[in-house]
Every structure is written in structure tokens, then in C-alpha cells.
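Q: I have a new model open and would like someone to walk me through it. Can we go slowly?

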Amino acid sequence: MRLHQRRGGAASGGEAGQMTVELAAAFPVLIAVAVVAVNALLFFSECGAFDNAFRDAVRVHAASPAYGQGAEQSRAQVHATLSEAFDKPFEQVSVAVRGTEGGHVEFEGTLELAPTLFGLGLKQSVFGVSLPSLSHRTAFVVDCYKPGVLV
């Protein structure tokens, strides 16, 4: 006795809603992966822009300070410049200054990025996947006694 298989036409009884169930199970995972990927790409992009802006701000405000301008005033000017450039609600910048050997001054800039849901708002988790804040630091050393000299 030969069994004939059904070709083409509608799906057999148990397979009618299988694709819908698979989509419903996979959709949250796909959204979570997309959110993580978008936040990672946003972070890498902002890190590159922050590095350039930080180095430019230190070169302008700290490498050749005005007469009587100290390291703290230079730090405040660098911070103001960076705060103006990185003013999105999910970004926060900070600048620290400290002396090093030989009269050099080190400026350290930090960019903190809170996770965002495709730019629509700040989120700490998506479908149970935790999204931590990301931080990027960069440092630049200058010699304030020799205007324009970068170390």
C-alpha cells in the first residue's frame, strides 16, 4: 500500500499557525539585538567625535592659555566647549585636570552615554536585556609654559 503525500496547497492541520508563533517568539529577541547594535554604533560614533572635539578644545584653551589663566580656568573652558557640542539628553561630559612631571598638565575628558531606544528615550532594559551606561575616557598632556607645545 502506497501513501500519497500532499503537494502544494494549504498546510496540514498542525502547521497552520507555526510561523506566527515563531515570529512572536523571535520578535523580542530581534528587537533587543537591534537596540544593542544601535546603541553600540551610536557609542562608537560619539567616541570618535568626542576624541576630536576634546583634543581641539584642549589645543585651543589649554595649550596656549591667556596671561594669568590657570589650569582650572582652562579646564572650565574645555568643559564648556564640550558641553555645548555634546548636549543630547543621553550624553554627559566631564573634564578633569591634574599636574604631571616636568610642569606638564594632563587633561582627561570623559563621555558617558546612557542607553537609548532608537533615540526615542532613555531605557535601562529592553525585554529583560539590561542596557548599561557606557563610558569613554581620553587624556591629553600639554606644556602650559611653552604655548602651543603638545606632549
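Q: What kind of model is it, and how are residues numbered?
A: This is a predicted model, in which local features need pLDDT of at least 70 and side-chain atom pairs count only at pLDDT 80 or more, while totals for chains, interfaces and linings use all residues. Residues are numbered from 1 along each chain as its sequence is written, and side-chain values use heavy atoms, with hydrogens and water left out.

Q: How many helices and strands does the chain have?
A: The chain has 2 helices and 5 strands, where helices (H or I, at least four residues) and strands (E, at least two) are DSSP runs numbered from the N terminus. Read from the N terminus, the order is α-α-β-β-β-β-β.

Q: And how many of the residues are buried, as a percentage?
A: Of the 151 residues in the chain, 26% are buried; buried means under 20% relative accessible area, exposed means over 50%, and partly exposed is in between, with a 1.4 Å probe and protein chains only.

Q: Which residues does the transmembrane annotation cover?
A: The "transmembrane region" annotation, from an unreviewed UniProt entry, covers residues 21–44; UniProt positions are given in the numbering used here, feature names are shortened, and annotations may be inferred rather than shown by experiment. In the model that span is 100% helix and 0% strand, and its end C-alpha atoms lie 36 Å apart.

Q: How do H1 and H2 cross?
A: The axes of helix H1 (residues 18–61) and helix H2 (residues 71–85) come within 9 Å and cross at roughly 145°. Here axes are lines fitted to C-alpha atoms, for helices over the stretch in contact, and angles run from 0 to 180 degrees between N-to-C directions.

Q: Which residues meet there?
A: From H1, Phe50, Ala53, Phe54, Ala57, Val58 and His61 meet Ser74, Gln77, Val78, Thr81 and Leu82 of H2, with contact meaning heavy atoms within 4.5 Å. By class, this contact has 7 nonpolar, 4 polar and no charged residues; Ala, Val, Leu, Ile, Met, Phe, Trp, Tyr, Cys and Pro count as nonpolar, Asp, Glu, Lys and Arg as charged, and the others, Gly among them, as polar.

Q: Is serine 74 buried or exposed?
A: Serine 74, in helix H2, counts as buried because its relative accessibility is 1%. A polar atom of its side chain lies 3.2 Å from the backbone oxygen of histidine 61, and the residues that serine 74 touches include Pro65 and Phe107.

Q: Switching to the strands, what does threonine 138 touch?
A: Threonine 138 lies in strand S5 (residues 134–143), and, leaving out residues up to four places away in sequence, it touches Phe50, Asp51, Phe54, Arg55, Phe107, Glu108 and Gly109. The side chains of threonine 138 and arginine 55 are joined by a polar contact of 3.5 Å, that is, a pair of N or O atoms within 3.5 Å, of which, within protein, one must be able to donate a hydrogen and the other to accept it, and residues adjacent in sequence count only if both atoms are side-chain atoms.

Q: Why does threonine 138 count as buried?
A: Threonine 138 counts as buried because its relative accessible area is 8%.

Q: And where is glycine 109?
A: Glycine 109 is in strand S2 (residues 104–113), and is buried at 0% relative accessibility. Among the residues touching glycine 109 are Phe50, Phe54 and Thr138.
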